[in-house]
Amino acid sequence: GRVTVQRRIKQVFIHRDPRDTFVSYLSWVTTSERFLTTAGGKEFRKFMLEKFDNDDQRLSYIIGQPQHSHSVYQSYAPWLQSPRCLAVKFEELYSEISDLKDGIVGPVLGQLLRYVEIDVAGVDLTEFHSRVFGQSVTEIGRYKKVFKDQHYALLDNPEFKNTLRTFGYEW
């Protein structure tokens, strides 16, 4: 798209339901070829596949790791209120990308484009749609199909529930 003349550096914070993030990370770690090209990717995949008998055990392991704790998510909470940052829910943005094939720019995507000072008239909406959906398929709320009681139990605490509320998600 066309960029305005006075365009400046902008911060955009796209956040996602942590539960879907866990499930997405599990899939990336265990199935993505691209993951194998990351530092330590081959070793970590081998560990995940050999150490655990199934994806339920792998997901429990991921949820329990310190880098996935509620405190890590909470460290991003100030960005939600920062006047120098546009905070966007991934779920809202991603669902609007689907409408691009019909030439419709939804309110969240429209706000994002205005914020980064891109003139929507200069954006090829069909190409934008195919670039996003051509990468991989994302299912919003997939954790509801994947999580078992053991996964909910790992997260059933006041700190995690507060994190969900902070970012606009429900338990």
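This is a predicted model: local features need pLDDT of at least 70, side-chain atom pairs count only at pLDDT 80 or more; totals for chains, interfaces and linings use all residues.
A salt bridge, as I use the term today, is a side-chain nitrogen of Lys or Arg within 4 Å of a carboxyl oxygen of Asp or Glu. Residues are numbered from 1 along each chain as its sequence is written, and side-chain values use heavy atoms, with hydrogens and water left out.

Let me begin with the charged pairs. Side chains of opposite charge can pair when their charged atoms come close. A search of the whole structure finds seven salt bridges, and I will go through some of them. In one, Arg58 meets Asp55 with 2.8 Å from N to O; both residues belong to helix α3, residues 55–64, and stand three residues apart, about one turn of the helix. Helices here are DSSP runs (H or I, at least four residues), numbered from the N terminus. Is Arg58 buried or exposed? Arg58 is buried, at 8% relative accessible area, whereas Asp55, at 39%, is partly exposed; buried means under 20% relative accessible area, exposed over 50%, and partly exposed in between, with a 1.4 Å probe and protein chains only.

A second bridge joins Asp56 to Lys148, with the closest N and O atoms 3.5 Å apart. This pair links distant parts of the chain, since Asp56 is in helix α3 and Lys148 is in the loop between α9 (143–146) and α10 (149–155), 92 residues apart. Asp56 is partly exposed at 24%, and Lys148 is partly exposed at 37%. In another bridge, Glu139 and Lys145 bring their closest N and O atoms to 2.5 Å; here Glu139 is partly exposed at 32%, while Lys145 is exposed at 64%.

Now to the aromatic rings. A pair of aromatic rings is described by the distance of the centres and the angle of the planes. Rings of Phe, Tyr and Trp (its six-membered ring) pair if their centres lie within 6.5 Å, and planes under 30 degrees apart count as stacked, over 60 as edge-to-face and the rest as tilted. How many such pairs does a search of the whole structure find? The search finds 18 aromatic pairs. One of them is Tyr25 with Trp28, a tilted pair at 6.2 Å centre to centre with 50° between the planes. Because Tyr25 and Trp28 are three residues apart in helix α1 (residues 18–31), about one helical turn separates them. Tyr25 is partly exposed at 22%, and so is Trp28 at 36%. Phe147 and Tyr152, by contrast, form an edge-to-face pair, 5.1 Å centre to centre and 70° between the planes, in which Phe147 is buried at 6% and Tyr152 is partly exposed at 24%. Both of these residues belong to one aromatic cluster, together with Phe22, Tyr73, Tyr143, Phe160 and Trp171.

Finally, charge and ring can also meet. A charge sits over a ring if NZ of Lys or CZ of Arg is within 6 Å of the ring centre and within 35 degrees of the ring normal. The charged end of Lys161 sits over the ring of Trp171, 4.9 Å from its centre, and Lys89 lies over the face of Tyr169, at 4.6 Å from the ring centre.

Notes: Helices (H or I, at least four residues) and strands (E, at least two) are DSSP runs, numbered from the N terminus.
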